[in-house]
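Have the structure open beside you as you read.

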Amino acid sequence: MSTSARDRILSRIRTANRAAGQVAPADADAAYAALSREYLRAHHDAGTNDITGLFAERAADYRAVVERVPESGLPAGIARVLAGRAAAASGSFVIPDGLPGEWLAGLPAGITLARDEPPLPPAELDQLAGVVTGCAVAIAETGTIILDHGPAQGRRALTLVPDFHLVVVQASQVAADLADAFGRLDPGRPHTLISGPSATSDIELIRVEGVHGPRNLHVLIAEA
Amino acid sequence: MTAPGQPGQLAAGEPHPGMPTYLGMPSFPDAARIAVADSQLRANLTHATHTIRAKRAGAVAELADWEQLRQAAKAIKDHTLAHLDTYLLRLEENVTRAGGQVHWAQDAGEANAIVAGLVRAAGADSVVKVKSMATQETGLNEALAADGISALETDLAELIVQLGHDRPSHILVPAIHRNRAEIREIFRTEMPDAPAGLTDDPPALAAAARSHLRQAFLSAQVGVSGANFAIAETGSLVVVESEGNGRMCVTLPRTLISVVGVEKILPSWRDLEVFLALLPRSSTAERMNPYTSTWTGITPGDGPENFHLVLLDNGRTSALADPTGRQALRCIRCSACLNVCPVYERVGGHAYGSPYPGPIGAIISPQLRGIADPVDASLPFASTLCGACYEVCPVAINIPEALVHLRAKVVDAKREKNFSPERVAFTLSGRVLRSPRLLAAAQRAASASRRVVARKGRIRLLPPPLSGWTETRDAPVPPPESFRAWWARTRGNRS
Ligand code: SF4
C-alpha cells in the first residue's frame, strides 16, 4: 500500500505542476542556486558592534539571567550560581561528558554532582536540582543559545527535564546572526535552540515564563 | 481509501475524503451570526489580536530587510513546489539513510491508519502529542480513539481545548477564544489534579499544566508530532515551539511519529536562516521562539530509537494544480493573517468550520476539501478583501487574489449544481453593512478589485457586500474612490 501511495502522490505532483503551467527546469539544484537572496547576512556587523554585548542584552530580554564573566572567573561564577540554586532546590546537578573539569574547580561543599552514566531514567532527571552545560553556538541578534548535544552538552533529555539550566557561552561561540550560526552547525546532529526559559503565549497571547522546559535559565558568558 | 479526484479540479460532486468538516457545522454565515452575538468571545478575540498586532509590527520593523526576507521565502517555497517530487524523494532518501522510516499517505484515512498501526506495533495504547495542524486536519485523535488508543494533547492551548471539550479556533493559540478566567474554570472542573485555590494568574495556570502533564511525558512510549520544516538535503525535521512540550514529545518517547504535509519541505539547511527569521516574529512577535528542535533520523543514545515520517498529501496536490490557488501551499502557519483580519476578529475561528480558520483557512480549506460542502463553498466569501492578510504574510501569499479566484470557482460550480452563493454572501454582508468600519474596508476592497475582476469595463463578481448584486447582473467598474473615502479625504479632517 505504501509504495503505491508514494507513486500516486509523486505522479499527482508531476501532473499538478504541469497543469499549473510550471515547467520546472530539469536541474533543481542549479535553479535553487540561482534564487535571489537579497536579505542581509547579519543585521549587526560584528566588526563595528559589541556582538557579545548584544547577545547578553537579547538573551536577558527573555528573562534569562545573564552575566558576563572573565574566562578566569568562570569557576567562581559557576560555584556562586550553583550555590544559589542549591539553596532553593534539593538534588544533585548533572554534569555531561566533556564538561571541562576546571569549570567545577571551585564548588563549595554540599553541592553534589551526578553523571549521566549509565543514562539516568527520566524520573531521576526530574529529581535533579539542575544541569550545567556548555553550548555549540549562540546567536546575538536573537539572544539564542544552540545546543548540538555534543561534548559538554549531554543528550537532549539532560537539558530538558531538570528545572534549572546553567549554560556557559564562550564569547567565541557567539555568531552575529542566523546565517552565520546555521553555517557553523552540522545538520546531522540533533539541535535545541533555546531563547529564554520555557514560556507560553497560549493565554491571551501574552508571553509568560514557565511551562515544561527548564523554568530557570542562567547564562554565563565567558570572555577572554 | 477513496481514490482522489483529478488534480486541478475542485470536486463539485463529492465531498473530499480527507478533512472532515466538523460534524454539524453550519456554513460560515450561519456560524458567524451566532459568534458575532457572543460578546465574551468578541472581547477575548479583540483583546488578544490587538495585543499581538502591535507587537508583531514592532518585531518586524526591527529587521530592515524584512521585505527581502519575505521575497526570498516566497522564492524558495515556489521553487520547492515546482520541484516537489525531486525534493520529496531526496528527503525520503536522507531520512532513511539517517535511520528513519518514511511512509506516504494520500489522504487522512491512510495517514491515520499508518499512525495507528505504528502505535500498536510499538506495543502502546497511548501517545503524547505536540500540537500539529496536519493531525488536526486528519482527525487523528478521533481515529486513534476508535482504535482504542488515547492521544494526550500537551500544548497548553490544545490541552485547554481538549479539557473544555471544545474545538481549536486559532492556528497558533487554539484556545484564543478563552480568557484566563474561563481557563481557570476549565482546569478546576476538568483537571483532577488541579491545585486547590488555583488563580487565574497566567503563570499559575501554566504551572498547573506543567505538573498535570509531567508524569505523562516521563512515561510516554510514543510521541506524535508534526513539523514546521523538513529539510530535503539532510533529512532533518524542525519543530518550532514555546513551552518545551514539543521537546518532550520528540525526545523522551522510544518511538516518534511525525505527520508532515508534503508542502512543509525546504531544499536545504541554510534556508532556516530565512524561515526562522520570519516565523517567530510573524507568529508570536518574538525575535525567536523559546525552543526549536531539529533532528535527523535516529541519534544513538539520544532520543527515540524509532523514527517514522508520514508524508501527507490530503488534497495538497489538488491545490498544487491550481495556478492561482497553489500559493496557499507556501503557508508556514504563522497565523499573522488571522490576527489582523477584521472578519476573524469578529467571528472567531469556529465559524470557519475547519482546523484552518481566518484568511488562510478561507483559501486552504476549499482547496484541500473541495467546494461540494456549503461550509467550504461559503469560505471564500468570509472576507472583506481589505488586504491586511497579504500585507503581513511572511511568505507573501496574495490571499485576496486567491479569494476572488475561489469565489469565481464557487459561482461556476453553482451553474452545475443548485448552490446559492448570493444567499451566503448576503448573510455575511448584512453584518458588514451594520459596521461602518467594515463597510469602509469592503468599499476600499471593491475599488481595489477593479483591476482584478473587471472585464471590459464590467464586473461579473464583486466581493461582499456587493456580490449579491453582481450574481444576477453585471455592474459598472466602481470609481477608484468611494464617496465615503472621498468625503474622508476632502472634508473629514475639517471637523
Ligand atoms: S497565510 Fe501567510 S500570514 Fe497566514 S498563516 Fe500562512 S504564512 Fe502566516
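Two strands count as paired if DSSP finds at least two bridges between them. By that rule, strand 5 (residues 229–231) of chain B pairs with strand 8 of chain B in the parallel sense, over two bridges. Within this pairing, Ala230(B) has Ile265(B) as its bridge partner in strand 8 of chain B. Please keep in mind throughout that this is a predicted model.

**The cores**

Which residues have the most contacts inside the largest nonpolar core? They are Phe229(B), Leu272(B), Val274(B), Phe275(B), Leu309(B), Ile360(B) and Ile363(B), in a core of 112 residues. Helix 12 (residues 272–283) of chain B gives the most to this core, with seven residues. Apart from it lies another core, of 36 residues, including Val94(A), Val161(A), Val128(B) and Met191(B). In soluble globular proteins, nonpolar side chains tend to be buried together.

**Inside chain B**

Chain B has 24 helices and 13 strands, and 64% of its 495 residues are buried. Of the contacts in this chain between residues at least 6 apart in sequence, 74% join residues at least 24 apart.

Strand 7 (residues 255–261) of chain B has seven of its seven residues buried, so it is largely enclosed by the rest of the structure. Thr255(B), Ile257(B), Val259(B) and Gly261(B) point one way from the strand, while Leu256(B), Ser258(B) and Val260(B) point the other way. Strand 7 of chain B pairs in the parallel sense with strand 4 (residues 222–225) of chain B over four bridges, and Ser225(B) has Ser258(B) as its bridge partner. Strand 7 of chain B also pairs in the parallel sense with strand 10 (residues 306–312) of chain B, over seven bridges; here Val260(B) is partnered with Leu311(B).

Val250(B), in helix 11 (residues 245–251) of chain B, is buried, with a relative accessible area of 1%. Leaving aside neighbours within four places in sequence, Val250(B) is in contact with Arg156(A), Ser225(B), Leu256(B), Ser293(B), Trp295(B) and Pro304(B).

**The parallel sheet of chain A**

Chain A has an open sheet of six strands in the order 1-12-7-4-2-3, with parallel pairing. Strand 1 (65–70) and strand 3 (113–115) of chain A stand at the edges with a single partner strand each, so one side of each is left without a neighbour in the sheet. From one strand to the next, the twist averages 25°.

| Helix of chain A | Strands touched (chain A) | Angle between directions |
|---|---|---|
| Helix 3 (residues 51–61) | strand 1, strand 7, strand 12 | about 155° with strand 1 |
| Helix 4 (residues 74–88) | strand 1, strand 2 (93–95), strand 4 (130–133), strand 7, strand 12 | about 165° with strand 7 |

**Backbone details in chain A**

A cis peptide bond joins Glu117(A) and Pro118(A), with omega about 0°. Pro118(A) sits in the loop between strand 3 and helix 5 (122–125) of chain A. His149(A), which is not a glycine, has a positive phi of about 60°, and Ala152(A), also not a glycine, has one of about 70°. His149(A) is buried at 6% relative accessibility, and Ala152(A) is buried with a relative accessible area of 9%.

Note on methods. Residues numbered from 1 in each chain as written. Chains lettered and ligands numbered in written order. Predicted model: local features only at pLDDT ≥ 70, side-chain atom pairs only at ≥ 80, totals over all residues. Heavy atoms only, no water. Core = buried A, V, L, I, M, F, W, Y, C linked by side-chain atoms within 4.5 Å. Buried < 20%, exposed > 50% of the residue type's maximum accessible area, 1.4 Å probe, protein only. Axes fitted to C-alpha atoms, helices over the stretch in contact; angles between N-to-C directions. Contact = heavy atoms within 4.5 Å.
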